[in-house]
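Subject: Structure for you to look at

Hello,

Here is the structure I promised. Please open it and keep it beside this email as you read.

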Amino acid sequence: MGLKQPLPYLSVEKSARKRKMAYDIGCGLGSFTSELAEHFEPVVGVDYAPIMIRRAKDFLPYNNVTYLLEDFIEIDIPTASVDLFAIIATLHHLPFESSLQKMKNTLRPGGKILILDLYQEDTIWDYLTIVVASIMNRVHKTLRHESSTTHKKSRRLGGNMLYTIPI
Ligand SMILES: C[S@@+](CC[C@H](N)C(=O)[O-])C[C@H]1O[C@@H](n2cnc3c(N)ncnc32)[C@H](O)[C@@H]1O
């Protein structure tokens, strides 16, 4: 998942840097939690898998992040305390209505929920989007392959040069 790309929402939030509470629900290894830590404070990453939380903590470069080994369904979050919930590739594991309701209840006024997840196609536009996205995906993959081949070639050339230029 290309989560390293700064999302437009996060860019906007940059002006409000480190003043707001964010939760990353189902944080996994914490890659997006770390992105959030650049923009929010405090940040809480929640995951119920011990291995995920352990590994997320192992690579923790931010002191404004706390990782909780908890089930989101069970966790107690104070009402109107959260400015952003991020829930990436995780909502489909949770009960849909009650999870959204929980997030809604605990958001501050003006708070936001950022969801990236599976989507069920419904309209003709959804299907057209899939066709366009698959084509773009293929083009992107082809270009990336070419550029990585070029990159490897140039590294090899660079390597050769290092060995052949007499110093
Ligand atoms: C597909 S992974 C996504 C991880 C991360 N958000 C990412 O994008 O890399 C889904 C994560 O959600 C966690 N998860 C699933 N249900 C959960 C729940 N009820 N409470 C907390 N974490 C949960 C899983 O342990 C897993 O780490």
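Below is what was found, from the overall layout down to one residue.

Two notes come before that. This is a predicted model: local features need pLDDT of at least 70, side-chain atom pairs count only at pLDDT 80 or more, and totals for chains, interfaces and linings use all residues. Residues are numbered from 1 along each chain as its sequence is written.

**Layout.** The protein has five helices and five strands. Helices (H or I, at least four residues) and strands (E, at least two) are DSSP runs, numbered from the N terminus. Their order from that end is α-β-α-β-α-β-β-α-β-α.

**Sheet.** The five strands make an open sheet, ordered β3-β2-β1-β4-β5, with parallel pairing. Two strands pair if DSSP finds at least two bridges between them. β3 (65–69) and β5 (107–116) are the edge strands; each has a single partner, so one side of each lacks a neighbour in the sheet. On average, neighbouring strands are turned by 15° against each other, direction ignored. Strand β4 (residues 82–88) is joined to β5 by six bridges.

**Helices on the sheet.** Helix α3 (residues 50–58) lies across β2 and β3, at about 160° to β3. Helix α4 (residues 96–106) lies across β4 and β5, at about 145° to β5. Axes are lines fitted to C-alpha atoms, for helices over the stretch in contact (C-beta atoms, placed from the backbone, within 7 Å), and angles run from 0 to 180 degrees between N-to-C directions.

**Core.** The largest nonpolar core has 26 residues. Such a core is a set of buried Ala, Val, Leu, Ile, Met, Phe, Trp, Tyr and Cys residues joined through C-beta atoms within 7 Å. Buried means 20 or more other C-beta atoms within 10 Å of a residue's own, these atoms being placed from the backbone. β4 gives the largest share of this core, six residues. A86 is among the residues with the most contacts inside the core. A86 stands opposite L114 in β5. Beyond its neighbours within four places in sequence, A86 touches A22, D24, F32, L36 and L114 by the contact rule above.

**Ligand.** Of the 19 residues around the ligand, G26, G28, A49, F72 and H93 come nearest. A residue counts as near if its C-beta atom, placed from the backbone, lies within 6 Å. α2 (31–37) and β2 (43–47) each supply at least two residues of this shell.

Best wishes

Key. Contact = placed C-beta atoms within 7 Å. Buried ≥ 20, exposed ≤ 12 C-beta atoms within 10 Å, placed from the backbone.
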